[in-house]
Amino acid sequence: MPTQASNRSYRYPDNSQIPYYNSSMHVGGNSTFYVQQNHVDLHSMSSDGGSQNNNSKAQMFQPQYCTLDSSSANCVYPVHTSASPQCLSRSHICQHDRHSDHSYDSPLSVSCITDVPSLKFTTLQELENAMYGSDSDIVSSESSLIGTALDQSNWRELLGVKSGDLKQVIVACGKAVDENHCRKDLLISELEKMVSVSGEPMQRLGAYMLEGLVARRSSTGHALYKSLKCKEPQPTNSELMSYMRLLYDICPFFKFGYMSANGAIAEAVKGENFIHIIDFQIAQGSQWETMIQAFAMRPDGPPCLRITGIDDSDSAHARGGGLDIVGRRLCSIAQSCRLPFEFNAVHAASHEVTLEHLGIRYGEAIAVNFPYQLHHTPDESVCTENHRDRILRMVKSFSPRVVTLVEQEANTNTAPFFSRYMETLDYYIAMFEAIDVACQRDDKKRMSTEQHCVARDIVNLVACEGAERVERHEPFGKWRSRLAMAGFRPYPLSALVNNTIRELLSDNYHINYRLEEKDGVLYLGWKNRKLVVSSAWR
């Protein structure tokens, strides 16, 4: 989408150009919000299941799959599609724990040789051979059928898949699709019988990876990825917010990212009177609520705070509107804390942002925040412009006091399909296990949360390629190289931040969560799998 510069203007009643000192909060104009208060210390801190039965015969080795892309009227249906499109609730992803036998249409195709004038037969035998095949053709066909039956009886052994081992079947399916194996349909049919969105973690993950594989084979990955954002019936913004809130509450990944970044920012701008935070994916803006309250409690009085929030239209539905909603809410919190505050909204995707959008001012102490965002910014493997490195160089050009980076610790950016598939399996099984200990398996809200907040990423990783694949994670070593090439050096997170997060985990979350500090960088993982990494730079 094209960048949108603000075309409205917020000014003080006296048309002053000094943004921090105004007697009241103003809302309007260029999506910039101002609030000014006296420097006073406050002590406030802080589907239905089942499948449609058809009366026609099932076709051997031509299985159909009811996929998520049938959820949208605008989707592209796969090659193997049911006789009538079904809504998302028909998919095994929304059948929860119900499994049904499928029967599929086998339409007859009749042609009359008299309608094809180019066919010339001089004898009855030629006509018979054309219609039924020669004796040798019949013998060959019978042998092929016998061979097929034998293959069906021992295909698990031939493909090295033990009966009932779900993980092996998931792996075999990915490899078969990658290699275009002749038995890929058979494997996918087997996997379809074994997965369930209300089952164990591997069953639930398998259901979404299956959807990705089917979409990949039918080249509907992008349509499916989009349909998961706006499927019918589309959840209301309050429902979607409740799903996001559940994930925020039951898993510490977002709290970990917010707390570690905020700790680094608070230390880097200590004692500064004019602070500008640039958030490259502000979403709901909830990360800054506690930061505003903490700044307001400074013993020598609160600083003047300006926040630039960057976001594209993807988050608008969850918010229930544009970035103005975020600005008003943060302004209200700042006003209640008597903290001078300004909010600047930038309606753009991260790769569209330029220096002009940010409105850098002389004398500001600038902090830049990249929360689970840079892996969505295209790099050299997607386009020649390499926006990922361009953004980092641009940020370095205005010498911020600190840059915070929170990312998933995974390697999916340039990995070939099967390696990426295995990385997705390994990463998300840890995440599904973490969710499993916090929510009941038959919890419908948990199912909706996984579908709307997690499944889209899995489907995108498995089904999409090129510019359509926006989930492009890199391991921390790669991020370190990119930041170093842009001119940044590490800004180690303090022991205070480390201890605060450790207390959060021990007091509120399962013992299997692991926190590791290495060279001033914090890793959060589940058991032995690192899932999130937080670092700071300057």
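This is a predicted model: local features need pLDDT of at least 70, side-chain atom pairs count only at pLDDT 80 or more; totals for chains, interfaces and linings use all residues.

Reader: How many residues of strand 9 are buried?
Author: In strand 9 (residues 529-537), 8 of the 9 residues are buried, so this strand is largely enclosed by the rest of the structure. Buried means under 20% relative accessible area, exposed means over 50%, and partly exposed lies in between, with a 1.4 Å probe and protein chains only. Strands (E, at least two residues) and helices (H or I, at least four) are DSSP runs, numbered from the N terminus.

Reader: Which way does strand 6 run against strand 9, parallel or antiparallel?
Author: Strand 6 (residues 402-408) and strand 9 run antiparallel, joined by 6 bridges. Two strands count as paired if DSSP finds at least two bridges between them. Leu-405 has Ser-535 of strand 9 as its bridge partner.

Reader: And strand 8 with strand 9, over how many bridges?
Author: Strand 8 (residues 521-526) pairs with strand 9 over 5 bridges, in the antiparallel sense. There, Leu-524 is bridged to Val-532 of strand 9. The hairpin of these strands has 2 residues between them, and Lys-527 takes a positive phi near 55° in that hairpin.

Reader: Moving on, which strands pair with strand 2?
Author: Strand 2 (residues 274-279) pairs in the parallel sense with strand 3 (residues 304-311) over 6 bridges. The bridge partner of Ile-275 in strand 3 is Leu-305. Between these strands the chain passes through helix 9 (residues 289-296), and this β-α-β crossover is right-handed; that is, with the strands pointing away from the viewer, the path from the first strand over the helix to the second runs clockwise. Strand 2 is also joined to strand 5 (residues 365-371) by 5 bridges, again running parallel, and Ile-278 has Val-368 of strand 5 as its bridge partner.

Reader: Is strand 2 itself buried or exposed?
Author: Largely enclosed by the rest of the structure, because 5 of its 6 residues are buried.

Reader: What does helix 9 pack against?
Author: Its buried residues pack against helix 8 (253-268), strand 2, strand 3, helix 11 (323-336) and strand 4 (341-347), where contact means heavy atoms within 4.5 Å. Met-291, Ile-292, Gln-293, Phe-295 and Ala-296 are buried in helix 9.

Reader: At roughly what angle do the axes of helix 3 and helix 4 cross?
Author: The axes of helix 3 (residues 166-179) and helix 4 (residues 184-194) cross at roughly 150° and come within 9 Å. Axes are lines fitted to C-alpha atoms, for helices over the stretch in contact, and angles run from 0 to 180 degrees between N-to-C directions. The contact includes Val-169 and Cys-173 of helix 3, and Leu-187 and Leu-191 of helix 4.

Reader: Finally, where is Arg-338?
Author: Arg-338 is in the loop between helix 11 and strand 4, with a positive phi of about 60° although it is not a glycine. Arg-338 is partly exposed, at a relative accessible area of 36%.

Reader: Is Lys-527 buried or partly exposed?
Author: Lys-527 counts as partly exposed, at 40% relative accessibility. Lys-527 lies in the loop between strand 8 and strand 9. Most residues other than glycine have a negative phi.

Notes. Residues are numbered from 1 along each chain as its sequence is written. Side-chain values use heavy atoms; hydrogens and water are left out.
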